[in-house]
Amino acid sequence: PTMAAFILLLLLLPLPPPALALPEGPGCRLRCVGPAGVPLVPGVPGCRGGAAGACVGHCESSAAPSPRAVLAASRHLQTSRGRCCTMAQASKVLVTLRCPGRARRRFRTVSARSCRCDLCRLGRY
Amino acid sequence: MKLHHQILDTVLLLLMAGCGVVLQTSAIDLRTFIGCAVREFTFLAKKPGCRGLRVTTDACWGRCETWEKPVLEPPYIESYHRVCTYNETKMMTLKLPKCAPGVDPFYTYPVAIRCDCDICSTATTECETA
């Protein structure tokens, strides 16, 4: 009976969310990831396995007929407005990758510390 | 009655998963809506030399999945930024009232047929972000 209760308790324990799993509901939230599937050094409190912080979420956007000011300045009849999930604060971190059969290699990268819906990156937008 | 509303909400959300369905603001909670859908939009069609006309049309609105994650090469941040924008449109032209002589009274605007989370194309669209 004790073992059965223990197994039941294990089944009831919440599973950790998978990396880059989408948060429920609107908003822009901190998540732990390993770039290219490679674990990183700890960058965010609560992260396990040497992950770094990423920002994932759903921010509001819309597209509608262009207002007068836009029509006066350009030929575009439609205007899109929106915000995207971005890193509000990030730290530079050094990560050590353990490559099979080779020495450890160190890389620079960043780790998000906080996130917010903000400017979409125009270079990729 | 409340359950009936919940079922209606669920059915509408499932329908909108395929997009192309007009967002029923009365049945959908806009505070929690995720995705990109056609939504009714009212604007003032106006140009110099004519009287304005209030027009109701179909536009796009929603919340798209976006993210920024760390990568090992400069600039060390990879962005996936998509916005809710027109996927398919038809153009409507109306005649503005009381235009001055010599002023073209016709006003053309887009009507959304389908909306999608996508890159904002600067070739066809004025892309604003703030």
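This is a predicted model: local features need pLDDT of at least 70, side-chain atom pairs count only at pLDDT 80 or more; totals for chains, interfaces and linings use all residues.
**Close-ups of the chain A and chain B contact**

View 1. Strand E2 (residues 52-65) of chain A runs antiparallel to E2(B), and the two pair over nine bridges. Strands are DSSP runs of at least two residues (E), numbered from the N terminus, and two of them pair if DSSP finds at least two bridges between them.

A word on conventions: residues are numbered from 1 along each chain as its sequence is written, and chains are lettered from A in the order in which they are written. Local features need pLDDT of at least 70 and side-chain atom pairs pLDDT 80 or more, while totals for chains, interfaces and linings use all residues, and side-chain values use heavy atoms, with hydrogens and water left out.

**View 2. Here is the whole contact.** Chain A brings 51 residues to it and chain B brings 49, where contact means heavy atoms within 4.5 Å. Together the chains bury about 4500 Å², with 60% of that on carbon and sulfur atoms; buried area is the accessible area (1.4 Å probe) that two parts lose on being put together, summed over both.

**View 3. A salt bridge links the chains.** B:Arg63 and A:Glu60 meet through their side chains, 3.6 Å from N to O.

**View 4. A disulfide sits within chain A.** A:Cys55 is joined to A:Cys115, S to S 2.1 Å, and the link is left-handed, with -80 degrees about the S-S bond. A:Cys55 lies in strand E2 of chain A and A:Cys115 in strand E5 (residues 105-118), so the pair ties together parts 60 residues apart in sequence. Over all chains there are nine disulfides, counted as cysteine sulfur pairs within 2.5 Å.

Note on methods. A salt bridge is a side-chain nitrogen of Lys or Arg within 4 Å of a carboxyl oxygen of Asp or Glu. Helices (H or I, at least four residues) and strands (E, at least two) are DSSP runs, numbered from the N terminus.
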